[in-house]
Amino acid sequence: MTDSNQAKVSDSKPKAKSKYDYSNGPLPLEIRMSWCKACNLCIALCPQQVFEPDRDGKPIQARPEDCTQCTICWVHCPDFAITSNYK
């Protein structure tokens, strides 16, 4: 069997598809930056890796289309800085 005939295996898990369509509305989450203390719990706990830190270490929605509204980020935010725009 040659290398060209072998199937490529992906090491990453398939991402869950969101049941929400964010293309016509606001971003899935609202982050109040003035309330955020940049603890990065939301970045660490997000199963879909929606967030990335900005230059101040505060979360931004780098991949909002991957958000599944799982509630983990806003439930664990100690500052109540994250709310959903869809739930």
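1. Burial and surface. In this predicted model, 28% of the 87 residues of the chain count as buried. The chain exposes about 6300 Å², and carbon and sulfur atoms supply 52% of that area.

2. Elements and order. The chain contains 2 helices and 4 strands. Along the sequence they follow the pattern β-α-β-β-α-β. Among contacts with a separation of 6 or more, 60% are between residues 24 or more positions apart.

3. Salt bridges, count. The chain has 2 salt bridges. Side chains of opposite charge can pair when their charged atoms come close. The two pairs are taken in turn below.

4. Lys-37 with Asp-79. The side chains of these two residues, Lys-37 and Asp-79, meet in a salt bridge at 3.9 Å, N to O. The cut-off for a salt bridge is 4 Å, so a pair at 3.9 Å is within it. Lys-37 sits in the loop between strand S1 (29-31) and helix H1 (41-45), and Asp-79 in the loop between helix H2 (72-76) and strand S4 (82-84), so the pair ties together parts that are 42 residues apart in sequence. Lys-37 is exposed, at a relative accessible area of 55%.

5. Glu-52 with Arg-63. In this salt bridge, the closest N and O atoms of Glu-52 and Arg-63 are 2.8 Å apart. The pair links distant parts of the chain, 11 residues apart: Glu-52 belongs to strand S2 (residues 51-53), while Arg-63 is in the loop between strand S3 (59-61) and H2. Glu-52 counts as partly exposed at 37% relative accessibility. Arg-63 also counts as partly exposed, at 24%; the cut-off for buried is under 20%, so Arg-63 does not count as buried.

6. Asp-66. This residue, Asp-66, lies in the loop between S3 and H2. Is Asp-66 buried or exposed? With 18% relative accessibility, Asp-66 counts as buried, because the cut-off is under 20%. Asp-66 and Val-50 are 16 residues apart in sequence, and their C-alpha atoms are 6.2 Å apart in space.

7. Cavities, count. The model has 2 cavities of 30 Å³ or more.

8. Largest cavity. Its lining is made up of 16 residues. Which of them lie nearest the centre of the largest cavity? They are Leu-29, Cys-46, Cys-67, Cys-70 and Cys-73. H1 and H2 are the elements that give two or more residues to this lining, and H2 provides the largest share, 3 residues. By class, the lining of the largest cavity has 12 nonpolar and 4 polar residues, with no charged residues.

9. Second largest cavity. There are 14 residues lining the second largest cavity, and those closest to its centre are Cys-36, Cys-39, Cys-42, Cys-77 and Ile-82. The elements that give two or more residues to the lining of the second largest cavity are H1 and H2. The class counts for this lining are 11 nonpolar, 2 polar and 1 charged.

Conventions:
Residues are numbered from 1 along each chain as its sequence is written. This is a predicted model: local features need pLDDT of at least 70, side-chain atom pairs count only at pLDDT 80 or more; totals for chains, interfaces and linings use all residues. Side-chain values use heavy atoms; hydrogens and water are left out. Buried means under 20% relative accessible area, exposed over 50%, partly exposed in between (1.4 Å probe, protein chains only). Contact means heavy atoms within 4.5 Å. Accessible areas come from the Shrake-Rupley method with a 1.4 Å probe; for residues, only the protein chains shown count as cover. On a 1 Å grid over the protein atoms alone, a cavity is a set of points where a 1.4 Å probe fits but cannot get out, and a pocket is an open set with protein on both sides within 12 Å along at least five of seven lines; lining residues have an atom within 4 Å of a point. Grid points are joined across faces, edges and corners, and a volume is the space filled by probe spheres set on the points. Ala, Val, Leu, Ile, Met, Phe, Trp, Tyr, Cys and Pro count as nonpolar, Asp, Glu, Lys and Arg as charged, and the others, Gly among them, as polar.
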